[in-house]
Amino acid sequence: MFNGLVNSGKNGREEESLDKGINTASNKSDSLLTIDEVQKTLNRSRASVYRYTNTDTRNLNPPFNPRKLNTEFRSDQKDQLLFHPNEVARFAKDILRIKEVTVEILNSPSSETQKILSAILDELIIIRNKLDEQSDKAQSIPNHLKDTDREAA
């Protein structure tokens, strides 16, 4: 999961607001920010956030614009605008000129797919260990054959 901290050297209240905004979003399972969360994070009005956003009525997913706040991929015009925390941090630093921007990347909570893949990995490790044990037994020479110092009877 992504946990970003956007810090500004302007004043403590703005820093606190930015920290809370990104941290609130990072507690969600999808870790993407809504327009309201971006508004709170950047300490800007909703209208100005929309003004910053890279959207186009003719193009559902416009190409990346380094001067705008770029949204995540949408499949329908009616889908909610979502923003990646790294994109919000990039925008805050590069465009809004907020001095200190830090984005921390934390492990995401385990999804059902990750749990299944982990269980499969555990089983494969067990199978590999058993195969290694069998190949070790097959390659080991019995003790009476190892003794070459003894003379034949």
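Biologist: How many residues apart are Glu 87 and Arg 90 in helix H4, and what does that make of their separation along the helix?

Modeller: In this predicted model, Glu 87 and Arg 90 lie 3 residues apart in helix H4, so they are separated by about one helical turn.

Biologist: What makes the contact of Glu 87 with Arg 90 a salt bridge?

Modeller: The closest N and O atoms of Glu 87 and Arg 90 are 2.6 Å apart, and since the cut-off is within 4 Å, the pair counts as a salt bridge. Both Glu 87 and Arg 90 are buried, a term that stands for under 20% relative accessible area.

Biologist: Why is Arg 58 called exposed, and why is Asp 56 called partly exposed?

Modeller: Arg 58 has 74% relative accessibility, and exposed means over 50%, so Arg 58 takes that label. Asp 56, at 24% relative accessibility, falls between the 20% and 50% limits and therefore counts as partly exposed. The side chains of Arg 58 and Asp 56 meet in a salt bridge, with a distance of 3.6 Å from N to O.

Biologist: How do you know that Asp 132 and Arg 128 are separated by about one helical turn?

Modeller: They are 4 residues apart in helix H5, which spans residues 112–139, and therefore about one helical turn separates them. The closest N and O atoms of Asp 132 and Arg 128 are 3.4 Å apart, which is within 4 Å, so this pair is a salt bridge as well. Arg 128 is exposed at 54% relative accessibility, whereas Asp 132, at 33%, is partly exposed.

Definitions and conventions: Residues numbered from 1 in each chain as written. Predicted model: local features only at pLDDT ≥ 70, side-chain atom pairs only at ≥ 80, totals over all residues. Heavy atoms only, no water. Buried < 20%, exposed > 50% of the residue type's maximum accessible area, 1.4 Å probe, protein only. Helix = DSSP H or I, 4+ residues; strand = E, 2+ residues; numbered from the N terminus.
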